Amino acid sequence: MGDSPPQKHRILMVSDFYYPNFGGVENHAYYLSQCLLKLGHKVVVVTHAYGNRSGVRYMTGSLKVYYVPWRPFCNQSTFPTLYGILPIIRTILIRERITVVHGHQTFSTLCHDALLHARIMGYKVVFTDHSLHGFGDVGSIHMNKVMQFTLADVSQAICVSHTSKENTVLRSGLAPEKVFVIPNAVDTAMFKPALERPGGLEIVVVVISRLVYRKGADLLVEVIPEVCRLHPNVRFIIGGDGPKRVRLEEMREKHSLFDRVELLGAVPHAQVRSVLISGHIFLTCSLTEAFCMAILEAASCGLLTVSTRVGGVPEVLPDDMIVLAEPDPGDIVQAIQKAIYMLPEIDPQVMHNRMRELYNWRDVAKRTEIVYDRASKCPNQSLLESLSRYLSCGAWAGKLFSLVMILGFLFWHLLELWQPADDIEEVPDVIFSHNCDEEMLQKS
Amino acid sequence: MKGGRLWWRPRLQWHVYMMEFWPSAVDNTVWGLAVPRGCLELITMGASIRKMMLFFSRMVIFSISNARYTYVHDQKYPSEDVDIHHVVSRRSNAKYLFVHASALLVLACALYLYVLKEKAISLVYYSLLFDIFLVNLLLGKPVKKESVVIMPAFGVQLETHYVSGKVIRYFVPIDKILKPVLIECVTPVTCYWTLSLIIRGESEMVLVFKNLRPPVKMLAYVWKALCAATDSKEETCTHAE
């Protein structure tokens, strides 16, 4: 082994999306942090304040979270201030002795600002993209430009699927060799099959997703009546809430399906498993997905999956665990029929065991560790080298980006004068001593 | 004459009692008034002499300094009786000079415009008001020193000494202190450590060294002393020594 011994990284995770908010990005950042801590690295998370939750909190495994008291502005993102976040980010980077900054999610303004300023200060930055974005509408064009700016100087990037990698490379102009593909994983201990499968002649199809356009709720409205007509023994359970719920209610009334279509409303994540194990088939009709965690969770519970063939979904599961269809009601109906015929051959426990091997967070953490090592080996670049890269972003946008970087650089040096790095006190590392464990044992 | 001497004696004892229990109130003036020079021969030997000797010895055994603060652990009394910790602000001359130079510059510009450019006199008045506002904003009410006086038998007294000589004191009885804690605080622009007392029956904590915000290395010593005084176990399970 000619390699040097693996170094311990000190990672700062930055995102607007973190617990107590709930979602795929929140899950990913949390589980990844926990596994990196187990590998011996130091992880600190920075996010904005959630209601009364403000200040420093410690989560399981002494995972330290800074809830910086910035207010969420829109969809849990903070207002983009460009330089407003620089003082606090600089303080945290110095006091925690951070070596790598890891940002999550394109729509997180805190993430973009932090990556920008970390690059100015000379830190290695890694970015994980969790979503697919279009190229045609005004919002996407704007977001792609911002991303091009932020990622122009990023050390490494991570995407959750190969399709997502294509999407990110095209949108941001990143070199493809800088982008790694590391999929999401699932907590298989939390999603286990039922000891006994729901029996009888009835076949239950479970749908759990937000009822919005992007998740294909309109397709669902057309698919359900057709399947119910063709297969009298099929029943649907739909978990989730959203603006399209009204359409589903209307569909139930129109086709008199009250006894065969059950609408649960919003399902807390703690109860997702109990909903999943009450069914045989999991159905998702998303119009766009970078990865789709819900499919992993369903497969871990032993459900056969029917999904639209969009985004990164074909990469998620082997062919014998998923039936793919085009995002078209007729094709989806045929896929559901095929799944119903495949159902007798499915063993939930075997499926669960395969999921446990295919997707686990320890593997994700090890691969992320490789990305951090690669980022650490990238050579440091001066401001002039960075500026030349920003100038190539566009005819006028490039100059604007360069100006923003220069101003950020000057602001950083002003902060160095106002509050030198030597004045910022480093935080001692958290160590759980034996006394604490004994006290906990005595209390319990 | 003899009756006069007997009258002085009880008063002296009363002052000794006061000094023992409220050491922060003791200063040279009180001492001078309490014990005229001519009556020294009347003081009895023993406890009074020892207390007086301790009072006059101003040994400072322990102190830490950095660029902005000096921490002093005052040990002129036995620590089981009274424990005094000071954090003194080292004046930042650069900031002081910068603020006043800026104010003078603004005033000079206004005077120049008035004298040579025939601008209105109100400009000078406005710039003068702006200077006053600027000095008050940036220098604020300067705090010279903050002290913690720990009396295990009675309580903890927090003192804030201003440059102007004003002193603000706050006393917390020992039985109301549930626990001293070191906490990290986060603001929109910075993070810092504070030492706080959790008070029985109060929803808000009392901040020690509220104005100066000394570094955690200095706070740790005061925190240990407070834990010892309040019989709290030092929770070392959350941080390495």
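Predicted model: local features only at pLDDT ≥ 70, side-chain atom pairs only at ≥ 80, totals over all residues.
Chain A contains an open sheet of six strands. The strand order is E13-E12-E11-E14-E15-E16, and the pairing is parallel. Strand E13 (261-265) and strand E16 (322-325) of chain A form the edges. Each of these two strands pairs on one side only. From one strand to the next, the twist averages 20°.

Within this sheet, strand E11 (residues 203-208) of chain A runs parallel to strand E14 (residues 281-284) of chain A. Two bridges join the pair. Val206(A) has Phe282(A) in E14(A) as its bridge partner.

Helices pack on the sheet as well. Helix H7 (residues 245-255) of chain A touches strand E12 (234-239) and E13 of chain A. The direction of H7 makes about 155° with that of E13(A). Helix H9 (residues 293-300) of chain A also packs on the sheet. Its contacts are with E14, strand E15 (304-308) and E16 of chain A. The direction of H9 makes about 175° with that of E14(A).

Two loop residues of chain A were examined in turn. Arg71(A) sits in the loop between strand E4 (63-68) and strand E5 (72-74) of chain A. Its relative accessible area is 60%, so Arg71(A) counts as exposed, the cut-off being over 50%. Beyond its neighbours within four places in sequence, Arg71(A) is in contact with Gly51(A), Thr78(A) and Phe79(A). Gly51(A) is 20 residues away from Arg71(A) along the chain. The C-alpha atoms of Arg71(A) and Gly51(A) are separated by 8.6 Å.

Ser155(A) also lies in a loop, between helix H4 (138-151) and strand E9 (156-159) of chain A. Its relative accessible area is 5%; Ser155(A) is therefore buried, the cut-off being under 20%.

Cysteines of chain A were considered next. Cys292(A) has a relative accessible area of 8% and is buried. Cys393(A) is likewise buried, at 7% relative accessibility. The count of disulfides over all chains comes to zero, with a cut-off of 2.5 Å between cysteine sulfur atoms.

Chain B has 241 residues. Its secondary structure comprises six helices and nine strands. Of the residues of chain B, 34% count as buried. Among contacts in chain B between residues at least 6 apart in sequence, 45% join residues at least 24 apart. Chain B exposes about 15,100 Å². Carbon and sulfur atoms supply 62% of this area.

An unreviewed UniProt entry lists two stretches of chain B under "transmembrane region": residues 96-114 and residues 120-139. In the model, residues 96-114 of chain B are 100% helix and 0% strand. The end C-alpha atoms of this span lie 27 Å apart. Residues 120-139 of chain B are 90% helix and 0% strand. Here the end C-alpha atoms lie 30 Å apart.

How values were computed: Residues numbered from 1 in each chain as written. Chains lettered and ligands numbered in written order. Heavy atoms only, no water. UniProt positions renumbered as here; feature names shortened; annotations may be inferred. Helix = DSSP H or I, 4+ residues; strand = E, 2+ residues; numbered from the N terminus. Pairing = 2+ DSSP bridges. Axes fitted to C-alpha atoms, helices over the stretch in contact; angles between N-to-C directions. Contact = heavy atoms within 4.5 Å. Buried < 20%, exposed > 50% of the residue type's maximum accessible area, 1.4 Å probe, protein only. Areas by Shrake-Rupley, 256 points an atom, 1.4 Å probe, with all protein chains shown as cover.
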